[in-house]
Amino acid sequence: MNKINIIIAMAIAAVTISVWAWINRPDTEPPWPAVIQGFSFSPMRANNNPMLDSYPTVQEIEEDLALLEGKTHAVRTYTLEGTLAEIPALAVKHGINVALGAWIDARLKKNEAEVARLLQVAHKYQRNVVRVIVGNEVVLRGDIPIQQLIRYLDKVRAKLKIPVSTAEPWHIWKKNPELVKHVDYLAVHLLPYWEGVPVQRAVDFVVERINELKVMYPDKPIVITEVGWPSNGRTRQGAVASDANEAIFLRRFLQRAEQENYIYYIMEAFDQPWKTARQTEGAVGAYWGVFDVERQPKFSFSDPIVGIPGWPKLAGISVLIAAITFALLLIDSNTLTSHGRSFLAIVAYAAATAAVWIVYEYTHQYLTLSTILIGLLMLTGMIGVIAVLLIEAHEWAEALWVRERRRLFKPRPMADADLPMVSIHVPAYNEPPEMLIETLDALARLNYPRYEVLLIDNNTKDQSGRVLRNLPAPPQRRQRHPHHGLGQRGAEGHRGELRSERQG
C-alpha cells in the first residue's frame with residue numbers, strides 16, 4: 001500500500017469504529033433491586049425437555065434455587081410433573097415462597113392427576129406455598145371448555161385456604177368476566193413484546209392494562225404472573241428482541257412496579273432452549289430468561305446498558321477483515337483515483353462490518369445440529385454475495401474514477417467498400433402517414449454508406465394503403481440522390497436506399 005491507500009484505510013477504519021461505538025453507546029437505566037418479588041421458574045437445563053419427559057435432577061433444581069436465594073422472595077411454577085413437584089420442599093431451605101402451578105390441557109385424565117398432586121403438595125407445604133395457579137393460558141389455547149376449567153378451580157378453592165386462580169393474558173380476563181367469579185385473584189400475563197409494543201412504551205403499556213382490569217374488577221387483587229421481554233427472536237412490529245431491550249424493560253418495570261406496589265413474577269429466571277422447537281412460540285420462546293441456560297446473567301443489573309458489551313472486539317475483527325479485503329482490491333487498481341479507492345474502502349469496510357454483525361447475531365443463540373448446518377449454508381451464501389458485491393464495486397470504480405482507461409476503444413478505419421450492407425426494416429400496419437414520413441426522414445439522414453430501408457406494410461386498410469403507396473421520397477434523400485424515391489432501387493455506391501413492400 002502506498003501512503004494515500006494507508007490514509008484511506010485508516011480514515012474508513014475510524015469511521016467504522018465510530019459507527020460501532022455510536023450504535024452501542026451506553027444507556028443509563030434504573031438499577032435492579034437487591035431483591036425482587038418473584039421469578040417464573042422452570043429449572044430446565046440444556047439437555048432437558050418436558051415434552052420428552054426429561055426433567056432436571058433434584059440436585060440441579062436445588063442449585064438453581066440456591067442461585068436465586070437472596071435475589072427473589074418467590075418463584076412461580078407451572079407443573080408438578082417429574083422432579084418439579086419437589087420445588088416447594090427445596091425452596092423452603094432457601095427462604096423462597098412458591099406460587100404453585102398445575103398444568104391443565106386437553107388430556108382430562110392427566111388433568112385430574114395433576115390437580116390431585118397440586119392439592120397434596122399445597123397441603124404439605126403450606127408454610128411457603130403462598131398462592132396456587134390452576135392452568136396456564138388454558139382459555140387462550142382453547143384446550144378445554146371454560147366450564148371445565150371452572151370446575152377445576154372450584155374444586156381446588158374448596159379444599160385450600162390459600163388464594164387460587166388461573167393464569168391468562170390480560171385480554172382473556174376482560175373477555176371472560178364469568179371466569180373472574182371463580183378465582184380469588186387475577187393471575188395476569190403482560191408481555192408487551194407479543195403485542196408489538198416498542199420497548200420505550202412497554203412499561204406504560206403494562207400499567208395501562210393493569211388499570212383497565214382494576215376498573216373492571218375493583219374487588220379482585222391482581223398478580224402479574226408473567227411480565228418480561230425476550231433477548232433474542234424476530235421483531236414483532238415495533239418490538240425488538242435483544243439483550244439490551246430486555247434489560248431496559250425489566251429495569252424500568254421493576255422501578256415502576258415498586259412505585260405502583262405490584263405483585264409480580266418476572267418472566268423468567270432461566271432461558272429455555274427446549275422451546276425453540278415449539279411452533280406456538282418459535283425460537284423466541286427460549287430467550288425470556290434473566291439468566292442464560294448456563295446460569296450466567298445476560299445483562300448488567302446496575303451498570304449502563306450497552307447493546308453489544310463486547311463491541312470493541314467485534315469492531316476490531318471487522319476492521320481487520322476489511323483491511324485485508326481492501327488490500328486485495330487494490331492489487332488491480334493502479335489506475336484508480338483517490339475517489340475510486342475511497343469507494344472501494346467504504347464497500348469493503350461496510351461488507352466486513354455487516355458480515356461480522358450477522359455472524360455474531362446468529363451465533364448469539366442456542367444452536368442445534370440443524371441450525372448449525374443452516375448457518376453454514378447461509379455463511380457460504382453470504383460469502384458469495386459479498387464476493388459479487390466487491391467485484392461489482394471494483395467495476396463501478398473503474399467505470400467512474402480512473403486516471404486513464406486501460407481498455408480504450410480504438411475504431412479501425414475502413415473504406416466504404418469494406419463496410420457490410422445493412423437492411424433496415426420498418427414494419428407498419430395502419431400507421432399514421434405523418435409518423436411514417438418522419439421515421440423515413442430520420443432514416444434518410446443516417447451517416448452510413450451502404451444501407452437500404454424496407455417499409456413493410458402488413459395489410460394496411462385501402463385508404464391508408466393508398467397514402468402509404470404514394471408516400472414521397474424524403475426531401476433530404478431527393479436532394480442527395482435525385483435518382484431515388486420510395487419504392488425505387490438506386491445505383492451502386494449511393495449512401496442508402498428506400499423501398500416499400502406490401503405483405504398479404
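Which residues of α10 are buried? In this predicted model, local features require pLDDT of at least 70 and side-chain atom pairs count only at pLDDT 80 or more, whereas totals for chains, interfaces and linings use all residues. Residues are numbered from 1 along each chain as its sequence is written, and side-chain values use heavy atoms, with hydrogens and water left out.

Helix α10 (residues 243–260) has 18 residues and reaches 25 Å from its first C-alpha to its last, close to the 26 Å expected at 1.5 Å a residue, the expected span being 1.5 Å times one less than the number of residues. Helices (H or I, at least four residues) and strands (E, at least two) are DSSP runs, numbered from the N terminus. The buried residues of α10 (under 20% relative accessible area; exposed is over 50% and partly exposed in between, with a 1.4 Å probe and protein chains only) are Asp243, Ala244, Asn245, Glu246, Ala247, Ile248, Phe249, Leu250, Arg251, Phe253, Leu254 and Ala257. These buried residues pack against β1 (36–40), α9 (199–216), β7 (222–227) and β8 (263–266), where contact means heavy atoms within 4.5 Å. Glutamine 255, also placed in helix α10, counts as partly exposed because its relative accessibility is 40%. The C-alpha atoms of glutamine 255 and glutamate 29 are separated by 9.7 Å, although the two residues lie 226 residues apart along the chain. Just after α10, asparagine 261 takes a positive phi of about 65°.

Helix α11 (311–329) takes part in two helix pairs described here. With α1 (residues 3–23), α11 packs at an angle of about 150°, the axes being 10 Å apart; axes are lines fitted to C-alpha atoms, for helices over the stretch in contact, and angles run from 0 to 180 degrees between N-to-C directions. Helix α1 is therefore roughly antiparallel to α11 (under 35 degrees counts as roughly parallel, over 145 as roughly antiparallel, 65 to 115 as roughly perpendicular and the rest as oblique). By class, the contact of α1 with α11 has 11 nonpolar, 3 polar and no charged residues (Ala, Val, Leu, Ile, Met, Phe, Trp, Tyr, Cys and Pro count as nonpolar, Asp, Glu, Lys and Arg as charged, and the others, Gly among them, as polar).

The axes of α11 and α12 come within 8 Å and cross at roughly 140°, and the two helices are therefore oblique to each other. Their contact divides into 15 nonpolar, 3 polar and 1 charged residues. Serine 333, in the loop between α11 and α12 (338–363), counts as buried at 1% relative accessibility and touches Arg341, Leu344 and His394, not counting residues up to four places away in sequence.
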